[in-house]
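Dear colleague,

I am passing on to you the structure we spoke about, and below it you will find what came out of the analysis. Please look it over before reading on.

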Amino acid sequence: MDEEDDLDLSTLNDEELVKQMHDDLYDGLNDEIVEGVNILLGRNWTPYDVLTQALVEGMRIVGIDFRDGILFVPEVLMSANAMKSGMAILKPLLAETGAPSVGTMVIGTVKGDIHDIGKNLVSMMMEGAGFEVINIGINNSVEDYMAAIEEHNPDIIGMSALLTTTMPYMKVVIDALVEKGIRSNYIILVGGAPLNDAFADSIGADSYCRDASMAVETAKQFMIGRQGSVAAREAAGT
Ligand code: B1M
């Protein structure tokens, strides 16, 4: 048993604990992340603060070392799994607003792309803001989006792509909507690390969302414009 095994997370102050959680996320330690999340919640941290300060920030550090070739795919997968364990605790808490539905969104990662952490974060944050979210998962073809749109008749279609090789597929989906004559029925929001405003414009999306909180704010604003929704106004605090 090494020193790390003996560490009692509950003895750390908030700052030390968050730093330790970044390390535990880096090392892909599920149980420790779950314990850390529960301790912070027990100290009256908001689910949003736990999510952003402990988990998202930890994953940002993982991303830098993955990019720089210090971490490799299996290690990053372990980190991603640990993050998911933490998110599983936070999800129902973030969704517990009791607010009326502000709007409905179908969201998925596009074909060829299996990254889902960011998309799931967006889903969670949107639910937390009072949206009904239908998360259709990863590797979605045009047909998958069309089926979900037909079934759920959303206000918003959200697409996520993390790879430069998969982001062009967003245009394939939008073109299919244009071809069917239904493009203008939906607000189309896109996101993912390699995207930017210019790309969103170039494919005919309504907006690029840099992160999950931007997605929530953008969605609320579009919903106000779309139907003057009272729920959307209240959610936006206007
Ligand atoms: Co991947 N990967 N990966 N990976 N991976 C990246 C994206 C990469 C940038 C790493 C790097 O080289 N630095 C790089 C892409 C390079 C490029 O295209 N230019 C890369 C690569 C190359 C690959 C593989 C090809 C590696 C390989 O096999 N050789 C492979 C591809 C597999 C595939 O998809 N076909 C691969 C695999 C994987 C893992 C499976 C190991 C794992 C994914 C696990 C999972 O998601 N379940 C993984 C991970 C974890 C990453 C990094 C490290 C982290 C991504 C992440 O979860 N970030 C990533 C490096 C990085 O981004 N810095 C990387 C945290 C998340 C909270 O942020 O996803 O950006 P993000 O989401 C944000 C915003 O972008 C925005 O809001 C989110 C929350 O704030 N947002 C939206 C995202 N989607 C949105 C949708 C919206 C709105 C906002 O709709 C409305």
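Helix H4 gives the largest share of the lining of the largest pocket, namely 11 residues. Please keep in mind throughout that this is a predicted model.

That pocket holds about 1,400 Å³ of space, and its lining is made up of 48 residues, among which Met59, Ile117, Gly118, Leu162 and Ala193 lie nearest the centre. Besides H4 (47-67), at least two lining residues each are supplied by helix H5 (73-95), S1, H6, S3, S4, S5 and helix H10 (212-227). Sorted by class, the lining has 31 nonpolar residues, 10 polar ones and seven charged ones.

Several of those elements belong to the sheet, which is open and consists of five strands in the order S2-S1-S3-S4-S5, with parallel pairing. Strand S2 (132-135) and strand S5 (207-209) form its edges, each of them pairing on one side only, and neighbouring strands are turned against each other by 25° on average, with direction ignored. Strand S3 (residues 156-160) and strand S4 (residues 187-191) run parallel and are joined by five bridges; in one of these pairs, isoleucine 156 has isoleucine 187 of S4 as its bridge partner.

Two helices can be described against this sheet. Helix H7 (residues 142-152) packs on it and touches strand S1 (104-109), S2 and S3, its direction making about 165° with that of S1, while helix H8 (residues 169-179) packs on the sheet as well, touching S3 and S4, with its direction at about 155° to that of S3.

With kind regards

Methods: Residues are numbered from 1 along each chain as its sequence is written. This is a predicted model: local features need pLDDT of at least 70, side-chain atom pairs count only at pLDDT 80 or more; totals for chains, interfaces and linings use all residues. Side-chain values use heavy atoms; hydrogens and water are left out. Two strands pair if DSSP finds at least two bridges between them. Helices (H or I, at least four residues) and strands (E, at least two) are DSSP runs, numbered from the N terminus. Axes are lines fitted to C-alpha atoms, for helices over the stretch in contact, and angles run from 0 to 180 degrees between N-to-C directions. Contact means heavy atoms within 4.5 Å. On a 1 Å grid over the protein atoms alone, a cavity is a set of points where a 1.4 Å probe fits but cannot get out, and a pocket is an open set with protein on both sides within 12 Å along at least five of seven lines; lining residues have an atom within 4 Å of a point. Grid points are joined across faces, edges and corners, and a volume is the space filled by probe spheres set on the points. Ala, Val, Leu, Ile, Met, Phe, Trp, Tyr, Cys and Pro count as nonpolar, Asp, Glu, Lys and Arg as charged, and the others, Gly among them, as polar.
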